[in-house]
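Let us learn to read a protein model, one feature at a time.

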Amino acid sequence: MMEKILTFGEIMLRLSTPDYSTINQTHSFMVNYGGGEANVAVALSHMGHQAYFISKLPPNQLGDGAITHLLSHGVNTKYVVRGSSTIGIYFLETGFGGRPSKVIYNRKHSAITRIQEDEFNWEEIFSDATWFHLSGITLALGERVRKVALRACKEAKKYGVHVSFDFNYRSKLWTVEEARPVFKQFMNYVDIVFASFYDANTILEIPLDDDFTGTTLSEKRRNVFPKMIKKYKLKYIFGTDRVVYSATENSLAGYYFKLENDNLSWELTEPIRFNIYDRIGGGDAFASGVIHGLLKNFNDPAYAVRYGLNASVLKHTIYGDALVLSCEDIETFMAANGSAEVVR
């Protein structure tokens with residue numbers, strides 16, 4: 001399958017501490033490139049799709065390095081414009097045992113924050129596209145970025161392109177109060193959402209019923225998500241439940257929600273427990289796997305959520321931001337761990 005999939009966001013220079021050292025004790029960093037939507041494009045390219053990345057990078061060696069990274073994974077960069085002088089950077093302190101990982105961003109004046117609508121031929125980009133993916137991290141990067149992202153969402157709707165949106169709220173980039181009106185605006189243009197109860201209840205302000213007496217997170221989701229789906233005319237909500245045993249051992253379960261003719265259908269998978277080599281990009285791998293599963297069969301969210309879950313678990317075993325495994329690798333892993341089972 002060779003659907004044209006578009007993602008829009010920032011690709012950054014990643015500087016990681018070696019040997020689980022802290023940032024303030026290290027004397028060198030390991031260099032890589034990554035960023036939410038770029039990671040999704042890389043993963044989907046490895047899954048056999050025609051992935052394009054929309055962004056802006058500086059016309060220098062760091063921008064060239066990011067382009068080389070994308071091209072090396074089969075991502076088409078014809079929609080990456082060049083300008084400004086700075087690439088976004090993030091520093092990763094890899095956790096171990098009871099010490100969690102830490103991230104420091106340095107991206108306030110990066111090239112993408114200077115992006116403009118008129119730098120793109122929107123008809124060329126979207127007229128033959130199948131899917132467009134965006135995340136809340138990108139929306140946190142400033143008004144210019146949000147303006148271009150909104151234009152992209154409108155063009156996607158114009159050409160009948162599926163739009164997926166990963167909330168990816170990051171408190172280090174903006175407050176809930178700053179993010180709330182932006183997220184609410186963009187929800188009117190998306191079809192598939194990757195979200196948590198917190199995203200629905202706190203950011204979108206969708207309340208629990210007055211007579212709600214449930215106590216579990218699953219019960220809270222079942223109360224709030226149907227209202228979210230109905231309000232914004234969503235096709236699906238997907239997400240994961242993570243249990244942290246240590247910085248190097250977690251478990252993940254995946255869920256989906258669908259509301260059709262006021263009938264709610266949902267599933268929660270059995271959790272998979274695993275060891276972690278590199279946690280960064282696990283959510284992007286989940287989104288990539290779900291998108292792949294829906295492109296394979298849009299009406300089978302149970303398969304899509306399992307595919308996304310297994311893709312995410314595998315990403316935790318790979319160094320770098322992105323999942324770089326083939327469909328065969330993922331499907332072999334799915335068969336080996338029996339993740340076809342779902343529970344309520």
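**Salt bridges, helices and surface**

Q: How many salt bridges does a search of the whole structure find?

A: The search finds 22 salt bridges. A salt bridge is a side-chain nitrogen of Lys or Arg within 4 Å of a carboxyl oxygen of Asp or Glu. This is a predicted model: local features need pLDDT of at least 70, side-chain atom pairs count only at pLDDT 80 or more, and totals for chains, interfaces and linings use all residues. Residues are numbered from 1 along each chain as its sequence is written, and side-chain values use heavy atoms, with hydrogens and water left out.

Q: Which residue forms a salt bridge with Lys 184?

A: Glu 205 does, with the closest N and O atoms 2.7 Å apart. The pair links distant parts of the chain, 21 residues apart. Lys 184 sits in helix α6 (residues 176-186), and Glu 205 in the loop between α7 (197-203) and α8 (217-232). Helices (H or I, at least four residues) and strands (E, at least two) are DSSP runs, numbered from the N terminus.

Q: Where do Lys 235 and Asp 191 lie?

A: First, the contact: their side chains meet in a salt bridge (3.9 Å, N to O). Lys 235 lies in the loop between α8 and β11 (236-246), and Asp 191 in the loop between α6 and β10 (192-194), so the pair ties together parts that are 44 residues apart in sequence. Lys 235 is partly exposed because its relative accessible area is 37%. Asp 191 counts as buried because its value is 6%.

Q: Which residues are linked in a network of salt bridges?

A: They are Glu 117, Lys 147, Arg 151 and Glu 155.

Q: How are two packed helices described?

A: By the angle between their axes and the distance between the axes. Axes are lines fitted to C-alpha atoms, for helices over the stretch in contact, and angles run from 0 to 180 degrees between N-to-C directions. Here the axes of α1 (residues 36-46) and α9 (residues 282-296) come within 9 Å and cross at roughly 45°. That makes α1 oblique to α9. Angles under 35 degrees count as roughly parallel, over 145 as roughly antiparallel, 65 to 115 as roughly perpendicular and the rest as oblique.

Q: Which residues form a nonpolar patch on the surface?

A: Patches are made of residues with over 30% relative accessible area and no salt bridge: like charges are joined within 9 Å, nonpolar side chains (Val, Leu, Ile, Met, Phe, Trp, Tyr) within 5 Å. Here Tyr 20, Met 30, Phe 96, Tyr 277 and Tyr 319 form one. Together they have about 490 Å² of accessible area. Accessible areas come from the Shrake-Rupley method with a 1.4 Å probe; for residues, only the protein chains shown count as cover.

Q: What is phi of Tyr 20 near?

A: Most residues other than glycine have a negative phi. Phi of Tyr 20 is near 60°, a positive value. Tyr 20 lies in the loop between β2 (12-16) and β3 (30-34). Its relative accessibility is 32%, so Tyr 20 counts as partly exposed.

Q: Where is Asn 261?

A: Asn 261 is in the loop between β12 (249-260) and β13 (263-269). Phi of Asn 261 is near 55°, a positive value. Asn 261 counts as exposed because its relative accessibility is 70%.

Technical notes:
Buried means under 20% relative accessible area, exposed over 50%, partly exposed in between (1.4 Å probe, protein chains only).
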